[in-house]
Amino acid sequence: MYPGKEVVVDFDPELTFECVSECTWCCQHGVLLYGKDLIELASRANLSETTTDFRGEKFVTREPKAREEHVADDGQACAFLGDDGLCQLHLEDEHDWKPTRCSVFPLAVSREADGLHVGIRESAHDHCEGLGVSERRVIDELQAFLPELLWDLENPDSERVL
């Protein structure tokens, strides 16, 4: 992974994952933003219009979407989810960026007594259409899923939602 940074893997090393077009299940929930995410997002969008505070943390705003599929039960999804079902932040320019929480999905990250643990979100097993559909083994791409800043966070718990 990163020099001096270790992670305990709590999932089958043969597990594969690839985003599936039009799924957008991960975009239906609030996206928690960490400090470095806020700095990057501020260079791309107006934070006062695209973020909200919830329980002392910053999240990307959820908004109503004009469709019935690929939205949460309340008809909302991430403010950056376009009508085409694609993330407008991720596609904005040649700088391939998305918030940490989006990079981590469908993984669950937690800090335990013995260090940082990574598993698969329980809800992903029920809703994520990208699990097990490709040859892309998660274990081989772990660095792409886990930005280095996760080791610096007091609480990297990826299950917190808006």
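The protein exposes about 9,000 Å², and carbon and sulfur atoms supply 47% of that area. Accessible areas here come from the Shrake-Rupley method with a 1.4 Å probe, and for residues only the protein chains shown count as cover.

Before going on, a word on the model. This is a predicted model, in which local features need pLDDT of at least 70, side-chain atom pairs count only at pLDDT 80 or more, and totals for chains, interfaces and linings use all residues. Residues are numbered from 1 along each chain as its sequence is written, and side-chain values use heavy atoms, with hydrogens and water left out.

Now the overall picture. Along the sequence the pattern reads β-β-α-α-β-β-β-β-α-β-β-α-α.

The C-alpha atoms fill a box of roughly 40 × 35 × 30 Å, taken along the principal axes. A compact globule with 162 residues would have a radius of gyration near 15 Å, and the protein agrees, with 15 Å. That radius is taken over C-alpha atoms, and the globule rule is 2.2 Å times the number of residues to the power 0.38.

How much of the protein counts as buried? Of the 162 residues, 43% do. Buried means under 20% relative accessible area, exposed means over 50%, and partly exposed is in between, with a 1.4 Å probe and protein chains only.

On contacts, meaning heavy atoms within 4.5 Å: among those between residues at least 6 apart in sequence, 68% join residues at least 24 apart.

On charge, the protein has 15 positive and 35 negative charges, and their mean positions are 5 Å apart. Lys and Arg count as positive, Asp and Glu as negative, while His and the chain ends are not counted. Each charge is placed at NZ of Lys, CZ of Arg, CG of Asp or CD of Glu.

Next, the backbone. Most residues other than glycine have a negative phi, and most peptide bonds are trans. Threonine 24 is not a glycine, yet its phi is positive, about 55°. Threonine 24 sits in the loop between β1 (7-9) and β2 (32-33), and it counts as buried because its relative accessibility is 7%. Arginine 55 also has a positive phi of about 55° without being a glycine. Its loop runs between β3 (51-54) and β4 (57-60). Is arginine 55 buried or exposed? At 74% relative accessibility, arginine 55 counts as exposed.

There is also a cis peptide bond, joining phenylalanine 105 and proline 106, with omega about 10°. Proline 106 belongs to the loop between α3 (100-104) and β7 (107-112).

Then the aromatic rings. Rings of Phe, Tyr and Trp (its six-membered ring) pair if their centres lie within 6.5 Å; planes under 30 degrees apart count as stacked, over 60 as edge-to-face and the rest as tilted. By this rule there are four aromatic pairs. One of them joins phenylalanine 54 and phenylalanine 59, edge-to-face, at 6.1 Å centre to centre and 75° between the planes. Phenylalanine 54 is partly exposed at 27% relative accessibility, whereas phenylalanine 59 is buried at 1%.

Arginine 111 is in strand β7 and is partly exposed, with a relative accessible area of 35%. Leaving out residues up to four places away in sequence, arginine 111 touches Leu116, Leu150, Trp151, Leu153, Glu154 and Pro156. Arginine 111 and aspartate 157 are 46 residues apart along the chain, and their C-alpha atoms are separated by 7.1 Å.

Glutamate 40 is in helix α1, residues 35-42, and is partly exposed at 22% relative accessible area. Which distance separates the C-alpha atoms of glutamate 40 and lysine 98, 58 residues apart along the chain? They are separated by 9.0 Å.

Glutamate 122 lies in helix α4, residues 122-127, and is exposed, with a relative accessible area of 61%. From glutamate 122 to alanine 108 the C-alpha distance is 8.1 Å, for 14 residues apart in sequence.

Key:
Helix = DSSP H or I, 4+ residues; strand = E, 2+ residues; numbered from the N terminus.
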